[in-house]
Amino acid sequence: MAGEAGWRPSRYNVMTSIPGSDMTAIYNTYSHKCGEYSPIELLIMNELDTVPVDNPLIERLARRGAIVNYDEREAFEMQRKLECAHPRGGSVSITICPTLACNFECPYCFATLGKGMMAPDVQDDVVALTARMLDAAKPKTLTITWFGGEPLMATSVIESLSPRLISLAEERGCEYEAWIFTNGYLIDEEVVDLLLRCRITKVHIPLDGIGATNDATRRLVGGGPTYQRIMDNLGLLKPPIKTLIRANTHERNVHEVDELKGCVLARAEEAGTRLDFYAASLVDVSPADELDSPMAEYAFHGIEVALRPDSRHVIVGKDHSCVGQNLWMVAIDDKGYLYKCGGKLCGQQEFAYGSAREWNPANPLQTASNPDMLSKFLNTCVPSPTDKCYNCVWLPHCGGGCPQLRLFGKPECPAYKFDPDTFVLAMHSRIKRRRANASRSPATFCF
């Protein structure tokens with residue numbers, strides 16, 4: 001019988017009834033597959049001790065991950081540890097903050113108003129560290145992310161470092177790709193030329209809403225609107241540059257998400273640019289209780305879901321490691337200190353684990369100035385048995401959430417945990433749409 005052969009229902013099934021039918025939708029958070037199941041299939045899943053192992057439904061249920069014959073928790077933990085020990089996707093990823101200064105004063109932002117920019121000797125250290133990481137990891141790709149502060153306030157650093165980093169990658173046979181996270185206000189034709197020279201082909205720009213809604217929070221230092229100028233500047237970012245617009249979403253502006261998306265896509269069509277759009281929520285990621293102002297988390301793209309359950313607005317992602325959980329992903333501030341969080345903690349030296357001058361990934365703990373900080377972050381890749389996430393059905397999907405929040409803040413579970421029916425039905429609807437599209441295409445669709 002199937003039960004005697006080790007088959008059992010997956011611990012990571014989330015299910016709900018499909019309205020208007022006798023079918024049940026099941027989403028498996030480990031396999032990331034969703035399907036609809038008949039009453040007889042549900043019966044078989046719950047009576048595996050009496051079902052022959054060669055029943056054809058056993059193979060179908062197993063293919064979707066609804067039943068398993070192995071320990072999923074052990075497999076998940078092994079997979080996570082392997083992901084975090086090796087270059088993710090074959091890439092060494094380095095986030096560089098050429099300055100922590102910013103021309104905006106967003107009330108929720110984690111960035112402090114720093115001054116100055118990365119000095120030449122620190123730039124030399126960054127290049128040396130990059131070489132050590134490439135030599136130790138032997139990756140397929142070197143990925144550079146320019147962050148801040150506002151990185152376009154330090155274009156001379158970007159101009160100086162980029163060709164040196166590109167040369168390192170080329171000398172080692174690596175692909176080179178670069179992102180920039182910017183508020184978009186300083187983009188002009190000269191900046192676009194700089195981006196192209198420095199092979200920065202992916203631009204990430206956040207907005208907080210339309211017009212006055214955006215300007216209420218994403219405002220200039222000392223006050224002043226920013227929305228219209230940013231929208232104007234988007235027209236300059238033409239191919240091969242790809243631009244991703246993030247809608248910082250909270251309860252006061254969520255009603256504008258659809259309209260904002262329409263404005264962004266209309267601007268793209270008008271200017272002949274490529275603009276992609278996604279929404280993510282703002283949450284408090286303050287690492288210490290004494291910090292008064294709420295902060296914004298640059299949340300994992302794809303983790304937030306069901307911001308608006310009534311409209312089935314769903315953004316779905318899979319478990320993945322962030323910079324904090326992977327040895328080969330580092331963040332560097334303008335002074336050359338290294339962090340396992342490229343957002344909230346970068347620039348706060350008490351959270352640094354080493355320096356670009358001294359740290360060597362070939363001997364990561366021995367060369368770290370604060371090895372405990374490095375170990376704490378890396379160990380968040382797998383929750384301990386005493387962690388509340390350990391037995392959660394959503395763990396393979398959310399990965400346990402933000403490591404920085406788990407260590408120093410107030411971790412929050414994703415919204416979909418508290419509305420699983422909406423989540424599963426939205427995933428089911430997505431599959432139905434893909435099926436319909438596949439039926440109109442010569443390509444074969446499998447799910």
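At 28% relative accessibility, Glu177 counts as partly exposed, because this class lies between buried (under 20% relative accessible area) and exposed (over 50%), with a 1.4 Å probe and protein chains only. The structure is a predicted model, in which local features need pLDDT of at least 70 and side-chain atom pairs count only at pLDDT 80 or more, while totals for chains, interfaces and linings use all residues. Residues are numbered from 1 along each chain as its sequence is written, and side-chain values use heavy atoms, with hydrogens and water left out.

Glu177 takes part in a salt bridge with Lys202, at 3.8 Å from N to O. Lys202 belongs to strand β9 (residues 200-207) and Glu177 to strand β8, so the pair ties together parts that are 25 residues apart in sequence. Helices (H or I, at least four residues) and strands (E, at least two) are DSSP runs, numbered from the N terminus. Lys202 has a relative accessible area of 23% and is therefore partly exposed. A salt bridge is defined here as a side-chain nitrogen of Lys or Arg within 4 Å of a carboxyl oxygen of Asp or Glu. Side chains of opposite charge can pair when their charged atoms come close.

A search of the whole structure finds 14 salt bridges. One of them joins the side chains of Asp121 and Arg357, at 3.6 Å from N to O. This pair links distant parts of the chain, with Asp121 in helix α4 (residues 120-137) and Arg357 in the loop between β14 and α10 (371-378), 236 residues apart. Asp121 is partly exposed at 40% relative accessibility, whereas Arg357 is exposed, with a relative accessible area of 51%. A network of salt bridges links Asp121, Asp125 and Arg357. A further salt bridge is formed by the side chains of Arg197 and Glu159, at 2.6 Å from N to O. Arg197 lies in helix α6 (residues 189-197) and Glu159 in helix α5, so parts that are 38 residues apart in sequence are tied together by the pair. Glu159 counts as partly exposed, at 34% relative accessibility.

Strand pairing was examined next. Strands of a sheet pair through backbone hydrogen bonds, either parallel or antiparallel. Two strands are taken to pair if DSSP finds at least two bridges between them. Strand β7 (residues 141-146) has 6 of its 6 residues buried, so β7 is largely enclosed by the rest of the structure. Thr141, Thr143 and Thr145 point one way from β7, while Leu142, Ile144 and Trp146 point the other way, and all are buried. Strand β6 (residues 91-96) runs parallel to β7 and is joined to β7 by 6 bridges. Within this pairing, Leu142 in β7 is the bridge partner of Val92. Strand β8 (residues 175-181) also runs parallel to β7, with 6 bridges between them. Here Thr145 has Trp179 in β8 as its bridge partner. Between β7 and β8 the chain passes through helix α5 (residues 155-171), and this β-α-β crossover is right-handed. Right-handed means that, with the strands pointing away from the viewer, the path from the first strand over the helix to the second runs clockwise.

An open sheet is formed by 3 strands in the order β2-β3-β4, with antiparallel pairing. β2 (13-17) and β4 (33-37) stand at the edges with a single partner strand each, so one side of each is left without a neighbour in the sheet. From one strand to the next the twist averages 20°; axes are lines fitted to C-alpha atoms, for helices over the stretch in contact, and angles run from 0 to 180 degrees between N-to-C directions. β2 and strand β3 (residues 24-28) are paired over 5 bridges, and Tyr27 in β3 is the bridge partner of Val14. Another 5 bridges join β3 to β4, where Ala25 stands opposite Glu36. The hairpin of β3 and β4 has 4 residues between the strands, and in this hairpin His32 takes a positive phi near 60°.

Two charged residues in loops are buried. Glu150 is placed in the loop between β7 and α5. Glu150 is buried yet has no salt bridge, and the nearest side chain of opposite charge, Arg218, is 6.5 Å away. For charge, Lys and Arg count as positive and Asp and Glu as negative, while His and the chain ends are not counted. A polar atom of the Glu150 side chain lies 2.8 Å from the backbone nitrogen of Asn183. Lys344 is found in the loop between β13 (337-339) and β14 (354-355), and counts as buried at 5% relative accessibility. The C-alpha atoms of Lys344 and Cys109 are 8.4 Å apart in space, although the two residues are 235 residues apart in sequence.

Technical notes. Polar contact = N/O pair within 3.5 Å; in protein donor to acceptor, adjacent residues only side chain to side chain.
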